[in-house]
Amino acid sequence: MTDDDYGAIPEQARDRWRQLVSVINEARNAYYQHDAPTIADDEYDRAFRELLELEERYPQLQTGDSPSLSVGGRRAEMFAPVEHLVRMYSLDNAFTDDELEAWLQRVSKGAGQVGDFLCELKIDGLAVDAVYVDGRLRTLATRGDGRVGEDVTYNAAFIDAVPKVLSVAKGASVKQVPPLLEVRGEVFFPVAAFDRLNVEQLAMGASPFANPRNAAAGSLRQRIDRRQQDLAEAESKAGERGKSKVERLRKELDLAVGRLAELRFTVHGIGAIDGASIQRQSQGYTLLAALGLPTSERAKVVPDAAGVRAFIAHYGQHRHDVEHEIDGVVVKVDDLAVQAQLGETSRAPRWAIAYKYAPEVVRTRLLDIAVNVGRTGRVTPFAVMEPVRVAGSTVSMATLHNADEVVRKGVLIGDMVFLRKAGDVIPEVLGPVVEVRTGNERAFVMPTTCPNCGTALRPEKAGDKDIRCPNARSCPAQLRERLAHVGSRGAMDIEGLGDKSAAALLDCGLVQDEGDLFALTEQDLLRCPFFTREPSKGETGTQLSENAKAMLAQIDVARTRPLWRVLVALSIRHVGPTAAQTLARTYGSLRAIADAETAELSQVDGVGGVIAEAIREWFAVDWHRAVVEKWYANGVQLTEERVQTGPGLLDGLTIVITGSLPGFTRDSATAAVTDRGGKAAGSVSKKTDLVVAGESAGSKLDKALSLGVPVVGPDGFAALLESGLPAALANRTDGPQA
């Protein structure tokens with residue numbers, strides 16, 4: 001590039017390019033060399049994409065050492081170098097459907113007839129290269145810069161998931177172990193192991209691992225041999241004063257070895273191979289599995305782009321049904337000849353792409369820790385953060401559970417924290433980024449009085465981690481939360497009765513507690529500006545808003561909700577939908593439940609002593625009984641007719657219903673099972689007798705199929721209700737029926 005060429009680039013673009021190169025290189029160094037990222041994955045991805053866009057607009061910017069031309073990692077000097085037999089590449093990313101479509105079109109244009117695609121999950125782990133000579137593990141190395149990686153073979157001895165010797169499985173089509181085999185794969189922590197690991201990190205006062213990839217890298221890239229040498233040397237020299245050092249070194253070694261033992265390994269590619277011929281990537285996976293190497297059972301060959309999109313969409317919905325974290329889907333051209341035709345760029349193959357889901361772990365600033373008082377009086381700290389986008393939505397608050405949890409996580413007000421969206425729904429603060437603290441952070445102090453009513457806070461029982469506001473009768477926060485709970489979907493399902501409308505009812509003095517809810521009239525609501533609107537042309541006087549009218553109508557409908565919903569709506573501690581349905585089916589009226597003794601209640605299936613005691617304590621409070629009487633006086637149905645089409649038709653059976661069934665709501669389908677003596681469970685296990693799968697059945701269907709639990713569709717459900725389990729099984733299906 002000449003000076004004239006460089007001078008033609010706007011100065012702003014040159015400066016921005018230099019900034020991006022610096023940011024990316026620093027991030028790569030922290031991520032690959034120290035396993036301690038300084039920026040979140042989505043921040044890195046945005047910077048890298050902006051760099052590519054700048055270099056596409058101004059090609060003169062791209063130099064030989066630009067991050068766009070290299071794989072991210074470098075070999076650390078503490079490990080011996082291992083040169084890969086065949087270069088390891090990175091992958092280009094697609095973040096949107098349009099970017100995926102553009103890649104599909106490039107592949108089609110470059111190869112003509114592409115054929116099948118191989119789709120597999122993008123495991124959030126550390127890429128490694130394993131070489132087997134005559135069936136024995138010769139080296140295990142990290143990817144490094146793609147050509148040279150770090151030798152971590154010694155540590156492989158402690159990773160059971162990495163086979164040390166290959167052998168041909170009985171009945172396999174392959175006849176012998178290849179004399180030379182280089183495979184690429186991922187070492188990773190399963191979700192449960194990763195969570196345990198972060199608990200250990202927090203207990204030691206260290207930053208939690210931001211993601212399983214960093215945890216896997218940090219665990220694999222340890223000098224176990226040096227730790228063993230240090231321990232042996234300390235033991236040989238230890239006198240009375242040296243025992244503590246020996247003990248410390250032994251604990252550190254045990255911890256390091258224990259973490260290696262938790263690692264899992266999945267292979268997803270072949271580098272060099274002698275003595276075997278394969279034509280398709282998927283055929284290679286079959287070969288690897290036959291040799292005893294762990295391959296993914298979820299990899300799938302699809303015939304076209306529609307199959308690719310369907311695979312991506314499925315795991316976008318079910319990413320948390322997998323035992324390990326995933327951050328996307330890798331799509332590869334399956335035919336190796338077509339792969340060779342498409343070739344590679346300097347850093348990535350043209351025949352593969354990683355479609356990345358929205359990030360689930362990001363970094364943001366913890367601005368404050370406040371507390372919330374719930375409907376049962378429990379005082380819960382929550383994080384107030386700089387708004388940040390994670391897993392598709394903007395998050396500014398996340399629960400911290402209790403004061404002990406704040407201490408356990410080690411977070412201070414002012415910290416930069418790692419935030420994830422657990423299950424794509426619940427924001428969770430993982431812990432602080434200790435390395436970037438400035439010293440201006442401050443500790444959270446749990447309040448001693450209720451911020452809403454001033455009552456002294458206290459644990460309900462000695463030793464409880466949670467503290468509560470005991471002013472259940474008149475604490476504004478508890479009243480608001482209980483009112484909103486009455487309207488929730490799991491309780492009386494009153495559309496329009498949420499947090500804001502509950503607060504308005506209390507602020508305007510229209511209700512004193514939830515007992516007054518069913519006495520509300522149109523004239524009452526007209527007294528509160530929240531529920532009114534200005535008159536339209538031709539109208540006189542203040543008018544009820546459409547939302548207020550809808551809420552009144554829904555309150556009227558809620559009077560005839562099933563008894564179990566009434567039980568849930570009363571906010572009796574520990575009484576959720578499952579226990580409420582059992583109690584309603586057993587007793588048939590709220591009065592009978594209120595009169596039952598603790599010993600009797602505890603004998604009800606699924607209730608037990610804790611729930612029975614909570615019920616008795618709730619009905620022993622006079623104003624609780626007054627709420628029930630107000631509801632009764634205002635027409636709320638507190639009894640229900642128990643209908644059974646046959647005595648004990650489904651007695652002793654556990655049924656799980658997933659998806660939508662023609663002619664049934666979720667509640668009515670559940671009631672149909674419980675009315676016949678069955679138990680309608682919310683999750684699938686080996687003890688489940690039958691899964692009923694309707695349209696849009698989700699992860700529960702997948703779980704049933706994996707466990708071998710019988711599955712029926714709508715026809716089978718009809719047979720179940722009419723004639724019992726044998727008739728249902730005659731309609732057994734492998735999935736939902738249309």
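I call a residue buried under 20% relative accessible area, exposed over 50%, and partly exposed in between. The model is predicted.

**Entry 1: the loop.** I went to the loop between α18 (563-569) and α19 (577-587), where serine 571 sits. I found histidine 574 in the loop between α18 and α19 as well.

I checked backbone angles next. Serine 571 has phi near 60°, which is positive although the residue is not glycine. Histidine 574 also has a positive phi, near 75°, and is likewise a residue other than glycine.

Is serine 571 buried or exposed? Serine 571 has a relative accessible area of 9%, so I logged it as buried. For histidine 574 I read 48%. That value lies between the two cut-offs of 20% and 50%, so histidine 574 went down as partly exposed.

**Entry 2: the helix pair.** I turned to helix α4 (residues 97-111) and helix α11 (residues 305-317). They pack at an angle of about 150°, and their axes are 12 Å apart. I therefore noted α4 as roughly antiparallel to α11, the cut-off for that being over 145 degrees. The handedness of the α4 and α11 crossing is right-handed.

Which residues meet here? From α4 I listed Leu100, Glu101 and Leu104. From α11 I listed Ala305, Val308, Arg309 and Ile312. I sorted the residues of this contact by type: 5 are nonpolar, 2 are charged and none is polar.

Note on methods:
Residues numbered from 1 in each chain as written. Predicted model: local features only at pLDDT ≥ 70, side-chain atom pairs only at ≥ 80, totals over all residues. Heavy atoms only, no water. Axes fitted to C-alpha atoms, helices over the stretch in contact; angles between N-to-C directions. Helix = DSSP H or I, 4+ residues; strand = E, 2+ residues; numbered from the N terminus. Parallel < 35°, antiparallel > 145°, perpendicular 65-115°, else oblique. Left-handed = near helix turned anticlockwise from the far one by under 90°. Contact = heavy atoms within 4.5 Å. Nonpolar A, V, L, I, M, F, W, Y, C, P; charged D, E, K, R; others polar. Buried < 20%, exposed > 50% of the residue type's maximum accessible area, 1.4 Å probe, protein only.
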